[in-house]
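Trainee: I would like to take a close look at a single part of this model. Please treat it in one connected account.

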Amino acid sequence: MAERNEDCVHSVDCRHFRAYFLIVSLVGEIICILELTGCCEVISFQFRTRRMATNEVSANVHDHGKAVDEQKKKAQCNYCGKVVSGFTRLKYHLAGKRGDVSACGEVPANVKELMKEKIHELERRKLRKGVEKMNPPDLSLKRKSSLESKNVKQRKVGTIQSAGSDSGKHAKNDPVSRVNEIVSFSVLSMGSKKASCDKEGEDIPVSQAKKCIGRFLYEMGTDFSAATPTSLRRMINGIHSCHQVEYEFPSHQELKGWILQDEVKEMLHHVHGIRDTWTTTGCSIVVDGWKDEKGRNLMNFLVDCPWGPICLRLCDISTLSDDVHSLVLLFEQVIAEVGVENVVQIVSHSASECMAAVGNTLMDKYPTLFWTVSASHCIEMMLEKIGMMGTTRGILDKAKTITTFIYSHAMVLNLMRNHTLVHDLVKPSKSKSAIPFLTLQNIVLEKGRLEKMFISSEWKTSCWASRREGKRVADIVLDPSFWSGAEMVLKPTIPLVGVLCSIIRGDKGQMCYIYETMDAVKEDIAEEFENNESQYMPFWELIDEIWNNHLHSALHAAANHLNPAIFYSRDYNFDKEVFEGINCCIEHMVPDEHIQNEIWLQLEQYKDAEGDFGLGKATERRNIFHPALWWSNYGGHCPELQKLATRILSQTCDGASRYKLKRSLAENLLAKGRNPIEQERLCDLTFVHYNLHLRNADWSTDTDTEFGEIDPMNDWIVWEGPSTSQSNVEPRLCAFRRHDWFNYKTYFLMVSLVGEIICILDHPS
């Protein structure tokens with residue numbers, strides 16, 4: 001019976017289900033293409049009608065409130081009854097956004113999240129319009145032209161040089177030669193590439209539909225063979241069958257040929273459009289680095305600005321990893337590609353001594369740019385250091401003993417879920433450093449139920465109650481000192497986890513709020529310890545050490561001062577550190593002394609809210625608009641200060657890890673020994689994949705730190721004790737049923753959706 005159960009488990013691969021979910025999403029795009037032929041107009045109308053009928057949440061704010069006067073100048077919330085001045089404020093009221101309107105306490109969670117998404121979308125659209133208004137077009141075109149010609153001369157498309165070539169042996173100790181010999185791939189050097197047009201002799205709708213499939217495969221980084229399964233073709237043709245025309249899928253050659261080249265052309269246009277905005281908003285070079293399975297040190301350079309991030313360059317730095325001088329030369333090449341006048345800061349992925357030395361050298365050589373370490377990485381460092389403290393380490397070890405024992409034995413796992421109402425103890429997270437503390441928080445929340453479980457008759461009569469492992473876990477759960485210790489561990493860590501979550505989501509990831517956020521988290525920790533200095537001070541010192549040595553930048557202090565939502569608040573404190581930050585940014589980012597003097601005078605106008613700064617609309621929108629957008633709208637009478645503020649407030653403080661780029665493509669691209677034609681094609685594919693991913697992802701909604709499923713390899717559920725037949729088979733079945741039920745449910749919903757579309761096609765009336 002056990003063998004039969006194991007075969008059942010292994011016959012179902014969750015990854016296959018996820019792949020099919022993504023493929024089903026193609027159906028919508030293909031139907032849109034078919035609509036171009038005029039044969040699917042009924043699909044669009046009837047499907048959208050049915051979808052609106054089944055939606056539980058309306059995106060229209062008017063459906064969540066009602067006008068209380070004929071002019072619609074006031075609106076009443078449907079949930080709490082509060083009356084606000086207009087539907088715009090109602091939207092902020094429902095979203096719980098901070099500002100001049102209070103948050104609704106009765107709004108459903110799904111409505112709140114939807115309103116937040118709408119506000120984020122509106123803010124991004126307004127910010128881009130503000131940037132367009134400030135961006136001089138002639139200068140951008142000249143900059144684009146000069147960069148293209150410069151990069152075409154410097155590097156051919158996707159040139160790959162071997163780090164072990166014979167020509168470099170005589171100069172292997174020369175840093176310049178070492179940098180020139182590394183395996184590297186540059187995006188901006190693709191400006192001279194020419195892309196082919198749609199396939200000649202083929203209908204435009206058919207070509208466009210094939211491009212949709214190609215774009216899907218490129219964005220997912222999927223092998224082209226994914227387009228060949230018979231089931232996929234049958235699914236698409238089944239939807240299209242009522243027209244008695246069999247849908248033609250793109251071939252391997254088309255996916256590697258004209259379809260890919262068209263995507264390269266479109267993506268180059270997208271990249272150049274973003275690059276044109278750097279002259280106004282400035283940009284941040286964001287670095288990601290890792291070691292692959294082969295032991296190679298790889299590095300990915302991205303560029304971030306308000307218009308979105310782009311992938312810039314991929315490098316194998318295995319021969320440079322410990323050479324500060326060579327790494328500086330590599331960074332100088334990247335800075336030259338972007339334009340030193342455009343770079344405001346470099347955000348590093350590492351706080352190592354080597355990278356710190358690179359940062360100090362670059363700041364000395366380029367006074368206009370700043371160097372900092374990713375904010376999320378620094379918060380993770382704080383959590384890891386707290387986790388290594390003596391008392392904290394002991395509590396976490398005991399908590400891990402509880403979870404690994406429970407999740408590795410089917411009977412105990414079922415008993416736990418019966419007592420906790422199917423609530424899990426282990427809290428999954430995209431941040432590995434946050435998992436121990438989120439899980440410990442869950443355990444504390446389930447304290448009463450866990451204690452009842454280990455004194456219940458079901459537990460006492462089980463075989464585990466008399467075994468050494470079971471007795472040890474029961475003793476921990478029934479020990480009051482464990483619970484008091486767990487609560488002490490959570491006091492300093494949960495506020496930091498909250499900051500980490502908000503940074504990764506993008507709530508406070510902007511440069512505008514990081515300074516205030518770190519001050520606030522320290523105050524929260526002090527309050528958790530009831531302002532007992534002897535208890536909270538060790539954690540303050542740990543936070544200050546990482547803040548001062550790795551995270552803090554003059555840009556953070558300046559952004560705090562230039563953020564109108566903070567500056568005009570009643571409790572704003574213009575301390576020495578903020579003044580030094582403002583002064584440092586003005587001196588380094590504005591070389592002209594005359595302009596520096598103008599900025600100091602304009603700061604006085606900003607301080608006193610003179611001119612447009614004090615207008616009614618400007619006052620109302622201090623807490624509503626993104627700070628950079630606020631300056632673009634209301635800082636025009638102080639142009640020098642407006643330019644400085646826009647460049648500072650447009651930057652990010654987080655690193656490349658939040659983008660979740662697929663590293664396997666970069667690892668494959670940077671491998672040696674590939675045919676040059678295939679290498680160039682892989683360059684194109686990697687370029688399209690990374691930038692499609694960066695362009696299409698919505699960081700405000702898709703980058704939450706929490707996952708819906710527990711990683712089966714997570715060390716908080718992997719038992720290291722002696723194995724038994726029961727713990728080898730039953731827990732896997734139990735975990736399978738638990739983790740994959742959501743996947744089954746989603747799969748059936750997707751299948752029913754496809755069936756509904758087919759019914760509409762069969763019965764268009």
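Which backbone oxygen does the side chain of Ser408 reach, and at what distance?

Mentor: The model is predicted, so local features need pLDDT of at least 70 and side-chain atom pairs count only at pLDDT 80 or more, while totals for chains, interfaces and linings use all residues. Residues are numbered from 1 along each chain as its sequence is written, and side-chain values use heavy atoms, with hydrogens and water left out.

The side chain of Ser408 reaches the backbone oxygen of Thr404, at 2.8 Å. This falls under the term polar contact, a pair of N or O atoms within 3.5 Å; within protein, one must be able to donate a hydrogen and the other to accept it, and residues adjacent in sequence count only if both atoms are side-chain atoms.

Ser408 itself sits in the loop that joins helix 17 (390-407) to helix 18 (410-419). Helices here are DSSP runs of H or I with at least four residues, numbered from the N terminus. Ser408 has a relative accessibility of 8% and therefore counts as buried, a term that means under 20% relative accessible area with a 1.4 Å probe, protein chains only. In sequence, Ser408 and Val718 are 310 residues apart, yet their C-alpha atoms are 6.6 Å apart in space.

Two cysteines are also buried: Cys378 has 0% relative accessibility, and Cys512 has a relative accessible area of 1%. The whole structure contains zero disulfides, a disulfide being a pair of cysteine sulfur atoms within 2.5 Å. For Cys378, the closest cysteine sulfur is that of Cys653, at 9.6 Å, which is too far for a bond.

Methods: Buried < 20%, exposed > 50% of the residue type's maximum accessible area, 1.4 Å probe, protein only. Helix = DSSP H or I, 4+ residues; strand = E, 2+ residues; numbered from the N terminus.
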